[in-house]
Amino acid sequence: MQVLRVEEGRPGQYSDKDIGSGKREFSELLEHEKEELLQDQSEEDEKGNGRLQRTGTKKRRFTPEIGASNGKRIRKKQLASNYYEDADELMDEMEHDTEIAFMIKSKARRRGSPGHGKINRSSSVDSGVKDESKNTTSYTSSSSPPSSPNSSVSVLRWDRGRWSRHSVKDNGDVCFKCHQCMQESKTIVSCFKCKNNSYCIRCIKEWYPHMKVQEVKELCPFCRRNCNCNACLHSTGMIKTPKQDISDYEKTQHLVHLIRSMLPFLKEFSDEQKEEIEIEANIQGESPSNIIVEQTLCYNDERVYCNHCATSIVDLHRSCPKCLYELCLSCCREIRQGCLLDRAEVKFQYRNMGCEYIHGGDPSPECCSLEAPDNHIEPLTGWNEPLTGWDANDDNSITCAPKEMGGCGESILALKRILPCDWIASLEAKAKTVLDICETKYCTFKHECGERRNDMLRKAASREGSCDNFLYCPDSRDTLKEGDLLHFRKHWINGEPVIVQNVLEQANGLSWEPMVMWRALSENMDPNSTSQFSEVKTIDCLAGCEVEINTRQFFEGYTEGRMYGNLWPEMLKLKDWPPSDKFENLLPRHCDEFITALPFQEYTDPRAGLLNLAVKLPPGVLKPDMGPKTYIAYGLVEELGRGDSVTKLHCDMSDAVNILTHTAEIKLGDEQKSAISMLKELHRAQDERELRNWVNSQSGQSGAQIGDEEIIEKNYNRELKVPEDVADGPTLSGSPCTEAVEETGGALWDIFRREDVPKLEAYLKKHYKEFRHTYCSLVERVIHPIHDQSFYLSMDHKRKLKEEFGVEPWTFVQSLGEAVFIPAGCPHQVRNLKSCTKVAVDFVSPENVHECLRLTKDFRQLPKNHRAREDKLEIKKMILYAVDQAVKDLEALVATQV
């Protein structure tokens, strides 16, 4: 054991030998201090006052047997109160930590002896003082102020390749600053390893509650690389993210897999372009080989979109020479086939009918719709019907779109290109050639999977006759083993989610406390960005609308909870905070920590993932926002029915991995639980009343929804029963194991299989009037059941979905430190069981590119103003550049192995 001591203005240490047993209680130390003070007092009386004036820097070692005093008799209580600002608190703390007590005692002795250790300014200013141990050097400031009782000299200390700062007062007292708060403290703990950084007890308790004082002594947070002080949080390079240190053989395997997976799509793009060139040749009466396509100017930092369907244009397209209206090849083909759909805007707005209505009351007469009190929702006509009035000419040429559609309606659209001539066809040929070389040279690659144990599987569904009820769920340590990547790929290629446990153990332990992140942002070195984060815009889950709240108040509610006046829990969620395009700049340490924790980094690394197509875009090219992104939200174990902290049913355009980094449980009191029960009864009565009214209003109209009367009968006039075969599992009940939630569980996930999407959509179209959306109003219409993001299936709806359509999702609870992999094309929803902080990043794997392309086609069918319509991923561009880069890398590897 070692304890900090002060010797001649320099920090030293006590060993066990110096201290003796070191097990005495704090009261014994104070008693011994009293005896030493009496002894020193008698020495002072013998030598007389003022005769012990020291002007040098003579050493004096402090041991339990030798002490010093200032010549005054001090009572024990007075001594303790002089040493400490809060004696009671310190007595409690020191009673369990005699090492720190002895350290403080030593500092107090030095403070009480004015003659000992006094620095001679004439000899120390502007000079370096060599320490006798470990080659340390101290430099004092040359601009010291005039001497005063409280004046001090600032000293820079060079130790182990770093500078640290402490101050030396006139009386020789060395005041060490806490590395965390940069404040001088008497209760300070010094790291035994680096012997350079110290942390005060208060900061350890507040910012490192998971660490004991002894652990800080043995290895401080700075040495552990998880220090969350402001300086470290804004430092780069503190955390070394793992690099893909793999052999050339493994790298060749991955590149071959990527290129082989992309070849079918590359051929599809090439064939599409050849077809359009042949059409252009017929229009011009030339041979396809004689067609010269003019290249259009396109800068790297801009995206080119189709003016009709908003799909990204990568290369060949048609453009109006007069008004620059641009049309993708897919729209050109649909015009010639006469099946181009209208993409007109669909305008509607939910009405705010007042707070009373939200909790079962009548609509407020003062509240009206936000935009159009009358007919606030337009009829669904025309937006998804074949477009008339825009047809191809007899020679298959296409005239510019009519003026009402944004074109000029006059000029013939000319064929244009963005990439070099025949670039895609040439890339396809090079890809085939390099694959042939690799297959000839290496024959076939051997793929050996590691052993898959039963404890790597987690039951998530109870489908009859299905072999995918269990999800692959390895520990993070297992993912580092050879062959486990192939296990992941086996499940991933089938569109199955994967759960990886304990991923935070692979990182450095940096705190994900929301207050730590908020502190890092609020004290950001850029004053312009700091002011932007004092207020945050959150989503009120009950009303489904945006509200602004003070950042500190939001994070206080994260741990303590918030409620409305009627005691109904207030659920707020903060999405994508800070803005994901600034996450790496504003929180560099957290970004590095997250990337370090990512499993299967060949796929997920957003900077250098070998199998991540999203990182293959060349420098300068505008890239999609793939994250990382933070999702911070309140949560509650009990399902409220209204205002739950949820992410509604949706389908991501790319693959994603989501890590639960922090949770905080909110407890409800008995009074609040009682109020919630009464309000739920009001909600249920209102649901039944409004659904009956809607059915009656539709009964006299043609096209009334089939089975509406049965809906009411099934919902409100029957007992809810859980099927016996699943009564003991989490799959349908939606209520996770209470014990598991209380321990580490934070979020309840429901992920649907791709093959079940048609039936899921049919169920939502049939029952859409049983769901509420913005302002707790009934869902008025369905554009697309999944892409609208208007539905969250409660446990009752999941039960009915299985009864009526035989569809059941994978349902599981995500625990702290677990990473959930969601394949592209799998609809999913999430409910927070506790206040949760999640961090997610998107990626594009070769196995799921076909789903990204399918979703791109789905999105282009949506109305012009739909939230999901824009092609933000630009998957075609990503495929082309990924293959191009992979071919170059593979050619270089083959060349070096010749």
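1. **The α26/α27 contact.** K759, L760, A762, Y763, K766 and H767 of α26 meet H797, K800, L801, E804 and F805 of α27. Contact means heavy atoms within 4.5 Å. By class, the residues of this contact are five nonpolar, two polar and four charged. Ala, Val, Leu, Ile, Met, Phe, Trp, Tyr, Cys and Pro count as nonpolar, Asp, Glu, Lys and Arg as charged, and the others, Gly among them, as polar.

2. **Basis of the model.** This is a predicted model, where local features need pLDDT of at least 70 and side-chain atom pairs count only at pLDDT 80 or more, while totals for chains, interfaces and linings use all residues. Residues are numbered from 1 along each chain as its sequence is written, and side-chain values use heavy atoms, with hydrogens and water left out.

3. **Overall content.** The protein has 29 helices and 27 strands. Helices (H or I, at least four residues) and strands (E, at least two) are DSSP runs, numbered from the N terminus. Of the 898 residues, 54% are buried. Buried means under 20% relative accessible area, exposed over 50%, partly exposed in between (1.4 Å probe, protein chains only). Among contacts with a separation of 6 or more, 74% join residues 24 or more positions apart.

4. **Geometry of α26 and α27.** Helix α26 covers residues 757–767 and helix α27 covers 795–805. They pack at an angle of about 115°, and their axes are 11 Å apart. Axes are lines fitted to C-alpha atoms, for helices over the stretch in contact; angles run from 0 to 180 degrees between N-to-C directions. The two helices are therefore roughly perpendicular. The classes are: under 35 degrees roughly parallel, over 145 roughly antiparallel, 65 to 115 roughly perpendicular, the rest oblique. The crossing is right-handed. A crossing is left-handed if the near helix is turned anticlockwise from the far one by less than a right angle, and right-handed if clockwise.

5. **α11 against α29.** Helix α29 spans residues 875–896. It packs on α11 at about 140°, with axes 8 Å apart. The pair is therefore oblique. The crossing is left-handed. On the α11 side, the contact includes D248, L255, I259, M262, F265 and F269. On the α29 side, the residues include K876, I879, L880, V883, V887 and L890. The contact of α11 with α29 divides into 16 nonpolar residues, one polar and five charged.

6. **Q273.** This residue lies in helix α11. Is Q273 buried or exposed? It is buried, with a relative accessible area of 13%. Leaving aside residues up to four places away in sequence, Q273 touches D315, L316 and I424.

7. **Helix α12.** Residues 329–337 form α12. L329, S330, C331, C332, E334 and I335 are buried there. The cover over these buried residues includes α11 (248–284), β11 (317–319) and β12. Just after α12, G338 has a positive phi of about 70°.

8. **The mixed sheet.** Four strands make an open sheet in the order β10-β13-β11-β12, with mixed pairing. β10 (294–295) and β12 (326–327) are at the edges with a single partner strand each, so one side of each has no neighbour in the sheet. β10 and β13 (residues 414–417) run parallel and are joined by two bridges. Two strands pair if DSSP finds at least two bridges between them. Q295 is opposite R417 in β13.

9. **The antiparallel sheet.** A second open sheet of four strands has the order β21-β26-β23-β24, and its pairing is antiparallel. Neighbouring strands here are turned by 15° against each other on average, direction ignored. Six bridges join β23 (residues 745–751) to β24 in antiparallel fashion. D750 has T811 of β24 as bridge partner.

10. **Strand β19.** Which residues of β19 (572–575) form the covered face, and which the uncovered one? L572 and L574 are on the covered face; K573 and K575 are on the uncovered face. In a regular strand, side chains alternate between the two faces of the sheet. β19 pairs antiparallel with β17 (residues 535–540) over two bridges. I539 is opposite K573. β19 also pairs antiparallel with β20 (residues 629–633), over three bridges. Here K575 has Y631 as bridge partner.
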